[in-house]
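Reader: I would like to learn how to read the features of a structure. Please take one feature at a time, with the general idea before the case.

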Amino acid sequence: MTTLDSSKEIQKNNSEVNETHEDFRMFGLITFLIADGMTFAGFFAAYLTYKAVNPLPDGAIYELELPIPTLNTILLLVSSATFHKAGKALLKDKNSETQKWLFFTAFLGIIFLICQLFEYFHLPFGLTDNLFASTFYALTGFHGLHVTLGTLMILIIAWQSRINGGRLTSQNMFPLEAVELYWHFVDGIWVILFIILYLL
Amino acid sequence: MTISIDPQKTNNESLQPKGWLRFFSFSLDHKVIGIQYLVCGFLFYLIGGSLASAIRIELASPMSDFMPRDVYNQVLTLHGTIMIFLWIVPVVNGAFGNYLIPFYVGARDMAFPRLNAVAFWLIPPSGLMLVASYFVEGAAQAGWTAYPPLSITTPQSGQIIWILSVLLLGGSSIFGGINFIATIIKLRRPGLKLMQLPMYCWAMLGTSLLVVLSTPVLAGTLILLSFDIIANTGFFNPVLGGNVVVYQHLFWFYSHPAVYIMVLPAFGLVSEILPVHARKPLFGYTTMVFSIMGIVVLGLVVWAHHMFTSGTPPWMRLFFTIATAFIAVPTGIKFFNWVATLWGGKISINSAMLFSCGFIINFVFGGITGVALAQVPFDIHVHDTYFVVAHFHYIVYGGTVFIIFSSIYHWFPKVTGKMLNEKLGILHFIITFIGFNLCFAPQHWLGLNGMPRRVAEYDPQFQFVNQISSLGALLMAISTIPFLINVFLSVRNGKDSGDNPWNALTPEWLTSSPPPVENWEGEAPLVEEPYGYGKKILNENKNI
């Protein structure tokens, strides 16, 4: 109920009734991310149930190495921080600095994807080998799809934050804020995924 | 940050087509989109209804003589999927939600008009794709639940098209849900408090929360299922070490809330219609709000009552039986509130009122069988029999579809400025009500005596009762004829309704009928008491 009350107060401050309204694109995005998070929740629930109920068949191989995913976790956490830096720079209208940080964030995202592919090619099991192998690829693959989309969006807003003719300014922060929220969301999901798939 | 809207330069006035062509355009007007949802949904209702007729013709005799068995399976799968995902969910949420919610919150459109149009335009292609899958290699045969291993072993192409279609429809539903939540919470006109909103807003808020929380799980599950079908993985395939019960859990985590996605908006709509035609305030507004939210919370934690015969452990059976029984409490509160709204009211017996009363009668019956089905010993006896079929048709047809018709009679003057013919409307109600009960009441008996559902052939001892049921289905098919005649005649030469034929107080009636493109000339009215019937009229100040 608290969110509802605060929105009421914001609306009270709006003097012109119907011709202006609050920007609630971020609200819509958050709602969408909750929905997206529920997809992952379904996958995690399935994986955990399999782990509790279905034994690994004799002779089936399902072994994970820690170094690459640990590196990936660090990459994503650092990229969240660099993205935050980009936002700070845009707030001060330092567009070239924003662009630099955004390209660096996208670079980290691409490195993450390369590491992920490297791991895929060196794992001792394939997609259809056994139940856990399938679930592993489905979960990390679905997350990788999110990282790919996020990286593309970061490259787009990096292009939009260019100095001559770019749309992003301290007055128009929404595209950057939206992608930043999405990126933090993808990072958060990765941390949960890392704990559930690799550490448990 | 705020967004300014210049009323002179909206899309609707410049490039959008005018007249009837706008219903075929990518219009951003919530009223056009609402009608698009309604008409599109009704066309699919006619297709789904024809499939239902085919099912009942087949079941008029114990042998599978009208169509081969595998075609019967395809027909029942398409019937279920079309009726749920292309008729009830889009119409009771999308159509009425889009048309009414912006009026109720005092806005000029939905929060995200473009997303709204995208959500609608996902529906016709996915629906056509689903229907057309019959001509590929046969449509899906695994029922609307698509339980593996059946859905993995039946022909692949039909099942894959079914999955893609349901994924698109689920996406449409999620976009719609996000839009409704943002509109109701964020787009209310200043001064309008949450507890002053008409009840349909609360119902749609609850429904949209369920859509946003549960539909993505179905999407994920169906993606895994499609991997099982095309990539030979083994998530749900016991032969490859998978687990079918996990599919059932994930599927019902969406599909039980889906029941409330289909019926909660109907609760909201009936709460709008009854006070108007009984000339009394809605009884127990606050309890109504809390029972809607109670149903939302409980609706998310009862899914395994569909799985009592799937080897569920005793603690799970106990928990889900108790949780399900609890849902009867908020539902009962709502039922008594409607009856109390009618009690002592100045009731006009018109088509909208009759369909609403039909809803109350059918729904309480379906609700009682629902509580019965939640009890494990009883459920194990009638699981997967016609008792279940009878139960959920009493909820979705006797409940929601009755309210869809009631709402069409109630809001037709709003949309067109013309009245529907009352005599044809009452005829429509009488045939529908008799036909519906004749069709589905006997199926309780069939189920209790052990006739399994989803099978084309049955024991000859059930033939007579099945023929009664088929006769009822015939009446239901006939009942659409007076309705269609009524709509076509009234659109062309119906009697003019004026702006507010029912003297209703809810905000959508405080503008002209049909409404102007941006809903109100000037500022939206502030309706503090949408159900103030019988009191001094508070909302008279403007725009009537």
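Author: Start with how two helices are oriented to each other. Angles under 35 degrees count as roughly parallel, over 145 as roughly antiparallel, 65 to 115 as roughly perpendicular and the rest as oblique. Axes are lines fitted to C-alpha atoms, for helices over the stretch in contact, with angles from 0 to 180 degrees between N-to-C directions. Helices (H or I, at least four residues) and strands (E, at least two) are DSSP runs, numbered from the N terminus. In this predicted model, local features need pLDDT of at least 70 and side-chain atom pairs count only at pLDDT 80 or more, while totals for chains, interfaces and linings use all residues. Residues are numbered from 1 along each chain as its sequence is written, and chains are lettered from A and ligands numbered from 1 in the order in which they are written.

Reader: At what angle do the axes of α2(A) and α7(B) cross?

Author: The axes of α2(A) and helix α7 (residues 156–186) of chain B cross at roughly 135 degrees and come within 10 Å. The two helices are therefore oblique to each other.

Reader: Is the crossing of α2(A) and α7(B) left-handed or right-handed?

Author: A crossing is left-handed if the near helix is turned anticlockwise from the far one by less than a right angle, and right-handed if clockwise. The crossing of α2(A) and α7(B) is right-handed. On the α2(A) side the contact is made by Phe27(A), Gly28(A), Thr31(A), Phe32(A) and Ala35(A), and on the α7(B) side by Ile174(B), Ile178(B), Ile181(B), Ala182(B) and Lys186(B). Two residues are in contact if their C-beta atoms, placed from the backbone, lie within 7 Å. By class, the residues of this contact are 7 nonpolar, 2 polar and 1 charged. Here Ala, Val, Leu, Ile, Met, Phe, Trp, Tyr, Cys and Pro count as nonpolar, Asp, Glu, Lys and Arg as charged, and the others, Gly among them, as polar.

Reader: How many residues does each chain give to the contact of chains A and B?

Author: Chain A gives 37 residues and chain B gives 41 residues. On the side of chain A, the elements giving two or more residues are α1 (2–13), β1 (20–22), α2 (25–53) and α5 (131–160). Of these, α2(A) gives the most, with 15 residues. The side of chain A that touches chain B has 16 nonpolar, 16 polar and 5 charged residues.

Reader: How are α3(A) and α6(A) oriented to each other?

Author: Helix α3 (residues 67–91) and helix α6 (residues 174–199) of chain A have axes that come within 10 Å and cross at roughly 165 degrees. That makes α3(A) roughly antiparallel to α6(A). The crossing of α3(A) and α6(A) is left-handed. Among the residues that make the contact are Leu76(A) and Phe83(A) of α3(A) and Trp183(A) and Trp190(A) of α6(A). The contact of α3(A) with α6(A) divides into 12 nonpolar, 4 polar and 2 charged residues.

Reader: What is the make-up of chain A as a whole?

Author: Chain A has 6 helices and 1 strand, in the order α-β-α-α-α-α-α along the sequence. The C-alpha atoms of chain A fill a box of roughly 70 × 40 × 20 Å along the principal axes.

Reader: Is Tyr254(B) buried or exposed?

Author: A residue is buried if 20 or more other C-beta atoms lie within 10 Å of its own, exposed if 12 or fewer, and partly exposed in between, with C-beta atoms placed from the backbone. Tyr254(B) is buried because 25 other C-beta atoms lie within 10 Å. Tyr254(B) lies in helix α9 (residues 244–278) of chain B. Leaving out residues up to four places away in sequence, Tyr254(B) touches Ser214(B), Thr215(B), Val217(B) and Leu218(B). Thr215(B) is 39 residues from Tyr254(B) along the chain, yet their C-alpha atoms are separated by 5.6 Å.
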